[in-house]
2 protein chains.
Amino acid sequence: MDLPHGSSISINGARLLERIAELAQIGAIENTQGCSRLAFSDADREGRDLVVTWMHDLGLAVTTDTVGNVVASTSDDGASGAVMAGSHIDTVGTGGRYDGNLGVLAGLEVIEATLAAGIDLQRPLAVAFFSNEEGSRYPPDMMGSLAYVGGMSVESVLNVEGADGTVVGEELERIGYRGSAPCPGAIPHAYVELHIEQGPVLDQAGLQIGVVEGVQGISWTELVITGQSNHAGTTPMALRRDSMVVAGQVTVAARAIALELGGSQVATVGSLTPHPNLVNVVPAHTTMTVDLRNTDEKSLQLAEDQLRQRTAELAEAEGVEINSRTLARFEPVEFDDRVVDRIEQLATQRGLSTKRMPSGAGHDAQMMARICPTGMIFVPSVDGVSHNPAEHTDEEDLIAGTQLLADTLLALTEVAW
Amino acid sequence: MDLPHGSSISINGARLLERIAELAQIGAIENTQGCSRLAFSDADREGRDLVVTWMHDLGLAVTTDTVGNVVASTSDDGASGAVMAGSHIDTVGTGGRYDGNLGVLAGLEVIEATLAAGIDLQRPLAVAFFSNEEGSRYPPDMMGSLAYVGGMSVESVLNVEGADGTVVGEELERIGYRGSAPCPGAIPHAYVELHIEQGPVLDQAGLQIGVVEGVQGISWTELVITGQSNHAGTTPMALRRDSMVVAGQVTVAARAIALELGGSQVATVGSLTPHPNLVNVVPAHTTMTVDLRNTDEKSLQLAEDQLRQRTAELAEAEGVEINSRTLARFEPVEFDDRVVDRIEQLATQRGLSTKRMPSGAGHDAQMMARICPTGMIFVPSVDGVSHNPAEHTDEEDLIAGTQLLADTLLALTEVAW
């Protein structure tokens with residue numbers, strides 16, 4: 001589809017960087033560039049208060065819904081029919097300053113620059129920050145956007161209990177962000193999220209912009225391998241049923257499955273614990289996880305099948321039992337071709353180098369894709385580091401990504417689907 | 001060498017079993033058959049007091065040395081020139097009732113039965129329990145017997161600090177077992193230790209007696225594998241330096257090395273911890289241990305060489321660094337052929353089924369072997385379970401092993417080296 005060329009404004013890079021730095025002071029982790037603002041914590045409240053102040057300063061209509069999602073719009077109709085930017089401002093326990101925050105503050109900058117330019121918008125612009133994207137304190141991640149699109153009831157959200165024994169509804173009330181705007185929320189005309197890549201692909205290739213085509217499907221499996229505990233010295237090899245050896249074999253098999261399938265398939269054994277975890281005891285049982293991701297649902301299912309088959313073979317050969325359960329399963333999400341193509345085209349017009357790519361991480365955009373045409377823009381993460389105070393994106397990339405977000409949002413105000 | 005046939009007495013099986021049961025009441029773990037008597041704890045004191053009372057009841061000369069080793073002898077010269085039995089009465093945190101205790105109480109039973117039979121001994125009989133054989137509270141294991149044979153100075157022993165911040169010398173003083181008998185101790189004529197196998201070999205084969213030829217050499221290596229932490233979704237396989245994959249490969253390689261070398265070679269990965277140990281993070285570094293054992297020093301060195309070589313190859317292939325350090329290294333110990341042959345011959349005379357075998361676990365006997373002709377007798381451990389409250393040896397095996405110990409000790413009183 002051939003979209004019309006949008007109006008153009010120039011964003012104010014210095015103002016963007018100042019806001020990122022100011023927000024990063026809240027929950028700042030000493031001697032690092034990082035932040036700790038877990039969802040619904042005091043630091044989250046302070047961060048929310050600051051961003052909401054900025055939203056009000058621009059004269060936007062600001063609403064908070066019943067799960068704490070905040071939407072600011074150039075229209076009193078809020079997100080309804082608006083071209084919307086957004087992301088989140090909560091962080092993992094020891095996070096970086098760009099993850100999430102960039103998308104929100106870039107959206108705010110686009111609106112400020114657009115208002116300053118006095119452009120007569122055909123549709124309103126909006127920017128949102130969604131509650132608890134990280135899921136570090138309360139499961140699931142992307143909680144706020146999931147509720148916004150009707151994928152989780154407000155009641156369920158408010159009743160979620162965290163590992164620390166606190167409850168979402170009470171914490172939301174405590175920090176003053178249990179609002180009254182309806183959830184599920186209004187349907188925007190389009191949604192575009194700018195985000196750091198959180199992976200090494202752009203940085204390694206020396207490219208400026210990732211044109212995100214969709215989000216990988218995710219399959220998390222926990223395996224509990226039960227063999228027999230034995231003394232490491234007194235048990236001949238032939239008499240062993242060693243859960244740790246099988247865990248090692250499964251780790252090697254997961255790597256092989258990813259390499260054999262190729263494409264976007266990745267496989268990770270991130271968590272593994274043998275019991276009793278002593279140097280001289282053959283572990284009685286070992287618990288491990290396998291994280292499989294693919295942009296293609298059929299390929300992901302193939303990877304799952306191969307893992308199941310290899311696991312069963314290895315269990316039989318060693319004489320151990322394996323109990324497997326699914327910890328998480330999401331099908332891949334495909335973003336709207338029209339939005340994706342438009343982002344790529346506008347990036348090229350700005351002379352930015354681009355790469356079409358999937359997102360390996362989950363984002364609020366994948367929820368929003370359920371209710372409106374959606375796309376994402378990635379900027380490089382140095383060395384692919386994220387969820388870590390050392391997370392970094394160069395200033396020129398932050399600014400280039402925000403300018404591309406401005407071009408995209410304005411172009412989409414002129415498009416009818 | 002053809003040893004003379006010894007005098008014969010019959011041990012009192014019921015009395016042996018009663019003492020085992022009575023000692024097991026001290027530090028008993030509720031609802032199990034197990035015991036918790038960590039070295040130099042209040043429970044260890046109570047256990048020591050009970051056994052020392054029994055020693056005194058038999059009219060034996062009882063001494064406690066400066067590291068808490070207790071020796072009871074039919075002679076006022078103590079262990080000097082005596083035929084000595086022994087083992088330990090401390091346990092791991094959640095141990096069984098037979099490990100160690102059997103050897104001590106069997107030695108006591110042999111002495112009691114011999115005295116009751118009024119046999120005129122050519123050499124004294126002695127029985128010892130050595131301090132802190134398990135090493136669970138204070139390193140190293142076999143501490144008391146190591147000091148007894150001069151392998152560790154008394155000063156070093158007394159200054160050892162435990163993980164709980166306590167110090168051996170102070171705890172020994174506190175429980176009243178910092179004695180005045182000299183350490184290193186007197187040299188016995190011979191030393192024989194009866195012990196449960198702590199492995200499955202005898203039980204699996206349906207055999208009654210293990211004639212222990214020596215103790216396997218032990219090589220413990222800790223590997224710290226350092227790769228790069230990455231997001232499990234956003235990092236393509238080709239860009240990974242995954243410490244956990246290498247840990248899995250090393251685990252598989254350790255198994256393969258043991259199988260290729262064959263013989264008594266065993267290899268165990270008992271402890272492994274990836275960091276940060278999260279399902280969706282490629283572990284930045286993984287710490288693991290490899291436990292290699294062999295009865296033959298050259299073969300053990302070969303296994304170590306192969307592990308080093310495979311580890312280096314795997315590290316290079318993945319682009320990770322591996323730092324390796326030795327946590328423990330003991331050469332194999334060979335027991336005295338004359339004692340070993342004699343045990344086998346006497347077992348056969350009793351109609352007991354036997355198997356010559358190495359000990360895969362460490363025992364006080366391997367220290368005593370440095371100063372006098374030494375041997376060990378194993379009785380079966382059901383399912384090879386040990387260091388666990390479920391540890392079990394059938395009563396008839398306990399009695400048969402003790403009778404064989406009696407035959408052996410008496411025979412050795414009549415032997416000159």
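**Close-up views of a predicted model**

**Figure 1. Helix α6 of chain A and its cover.** The cover over the buried residues of α6(A) includes α5 (154–159) of chain A. The model shown here and in the other views is predicted. Helix α6 spans residues 168–175 of chain A, and its buried residues are A:V168, A:E171 and A:L172. Seen down the axis of α6(A), these buried residues fall within an arc of 100 degrees, so they line one face of the helix. An α-helix has 3.6 residues a turn, so residues three or four places apart point the same way. Just after α6(A), A:G176 has a positive phi of about 80 degrees.

**Figure 2. Strand β16 of chain A and its burial.** Strand β16 covers residues 374–379 of chain A. Six of its six residues are buried, so β16(A) is largely enclosed by the rest of the structure. A:T374, A:M376 and A:F378 point one way from the strand, while A:G375, A:I377 and A:V379 point the other way. Both sets are buried.

**Figure 3. Strands that pair with β16 of chain A.** Strand β5 (residues 190–196) of chain A runs parallel to β16(A), and six bridges join the two. Within this pairing, A:V192 of chain A has A:G375 in β16(A) as its bridge partner. Strand β6 (residues 209–215) of chain A pairs with β16(A) in the antiparallel sense, over three bridges. Here A:F378 in β16(A) is the bridge partner of A:G210.

**Figure 4. The side of chain B that touches chain A.** In this interface, 48 residues of chain B are in contact with 48 residues of chain A. Elements of chain B that give two or more residues to this side are α7 (201–205), β8 (230–231), α8 (243–261), β9 (266–268), β10 (272–275), β11 (281–282) and β12 (285–294). The most comes from α8(B), with nine residues. By class, the side of chain B that touches chain A has 23 nonpolar, 21 polar and four charged residues.

**Figure 5. Chain A as the setting for the views of its helix and strands.** Chain A contains 12 helices and 16 strands. Its C-alpha trace spans about 80 × 45 × 40 Å along the principal axes. The radius of gyration of chain A is 23 Å, which agrees with the value near 22 Å that a compact globule of 417 residues would have. Buried residues make up 60% of the 417 residues in chain A. Of the contacts in chain A between residues at least 6 apart in sequence, 77% join residues at least 24 apart.

Notes:
Residues numbered from 1 in each chain as written. Chains lettered and ligands numbered in written order. Predicted model: local features only at pLDDT ≥ 70, side-chain atom pairs only at ≥ 80, totals over all residues. Helix = DSSP H or I, 4+ residues; strand = E, 2+ residues; numbered from the N terminus. Rg over C-alpha atoms; globule rule 2.2 N^0.38 Å. Buried ≥ 20, exposed ≤ 12 C-beta atoms within 10 Å, placed from the backbone. Contact = placed C-beta atoms within 7 Å. Nonpolar A, V, L, I, M, F, W, Y, C, P; charged D, E, K, R; others polar. Pairing = 2+ DSSP bridges. Arc of directions from axis to C-beta.
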